[in-house]
Amino acid sequence: MNILVIDCAVTRLSIAVKTDDKFISHTYDIGMRQSEILVPVIDELLGKAGITSKELNYSALTIGPGSFTGLRLGISALKAIELAYNVPVYGISSLVAYSYSFENFCLPVLAGIDANKDKFYARINDGTNTILEDGDYEVSEISAEVSAFEKIIVCGPNAEKLALSLKDAGCKTELIVQKANALTTEALIKITEEMIEKGEKPLQDYDGPVYLRASEAELALNKKSE
């Protein structure tokens, strides 16, 4: 099975290709310059894997929450491949992808992304149940949920900042911060394979990124209309 996966949800861009005998992954910490390299990097990784876009069986990406620009960029690239070669695209929660590698540690997992304005996109899972659904939360709201546990793993691209914010908010739970980011692309591939095995449907034509907050442009437009 040939799979291409992309994580464009944050400024750190991660891409991987998996075939029956190869796994090739690159990560680029390039800020908001993802659009400059995404398509060339996809071509480069496919070439290293010895396949072309039309030989892909599936693709997947982090569909949100995250950067408005990054999410649109990732889905546009994979939808273009789908349109050209009929390659199904699977959308996966960014927070699910970031927490996936830690969910066998027998502790609850808090995944977080800095959403600015003193808020975080966050999710809590205890390995069996989702305790806090993907959302755009104040630190106090996250702290209230975290306080139910003695210990919790904190992960994601902004884990350290989230943990510090929780401590500043008076959270007494022991926060086990995963400073080194897990390989998101490997998690995306495993999650995609699980979705395919379960018969879950890929993204439909009308599906797009999951935005948990209005963009700055939308906020400005709404303000003008008030």
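Predicted model: local features only at pLDDT ≥ 70, side-chain atom pairs only at ≥ 80, totals over all residues.
If you skip residues up to four places away in sequence, asparagine 125 touches Glu103, Pro108, Val109, Thr130 and Ile131.

Valine 109 has asparagine 125 as its bridge partner in β7. The two strands, β6 and β7, pair in the antiparallel sense over six bridges. They form a hairpin with four residues between the strands, and there asparagine 116 takes a positive phi near 65°.

Now, which other strand pairs with β6? That would be β9, residues 151–155, and this time the pairing is parallel, over three bridges. Valine 109 turns up here too: its bridge partner in β9 is isoleucine 153.

Let's look at β6 itself, residues 109–114. In a regular strand, side chains alternate between the two faces of the sheet. In β6, Val109, Ala111 and Ile113 point one way, while Leu110, Gly112 and Asp114 point the other way. And how many of the six residues are buried? Six of the six, so β6 is largely enclosed by the rest of the structure.

Okay, zooming out. The protein chain has seven helices and 10 strands. Of its 226 residues, 48% count as buried. Along its principal axes, the C-alpha trace spans about 50 × 50 × 35 Å. Is that chain folded up like a globule or what? Well, for 226 residues a compact globule would have a radius of gyration near 17 Å, and this chain has 18 Å, so the two agree.

Two last numbers for the whole chain. Take the contacts between residues at least 6 apart in sequence: 63% of them join residues at least 24 apart. Asparagine 125 and Val109 are bridge partners, as we saw. As for the surface, the chain exposes about 11,400 Å², and carbon and sulfur atoms supply 49% of that.

Definitions and conventions:
Residues numbered from 1 in each chain as written. Heavy atoms only, no water. Buried < 20%, exposed > 50% of the residue type's maximum accessible area, 1.4 Å probe, protein only. Pairing = 2+ DSSP bridges. Contact = heavy atoms within 4.5 Å. Rg over C-alpha atoms; globule rule 2.2 N^0.38 Å. Areas by Shrake-Rupley, 256 points an atom, 1.4 Å probe, with all protein chains shown as cover.
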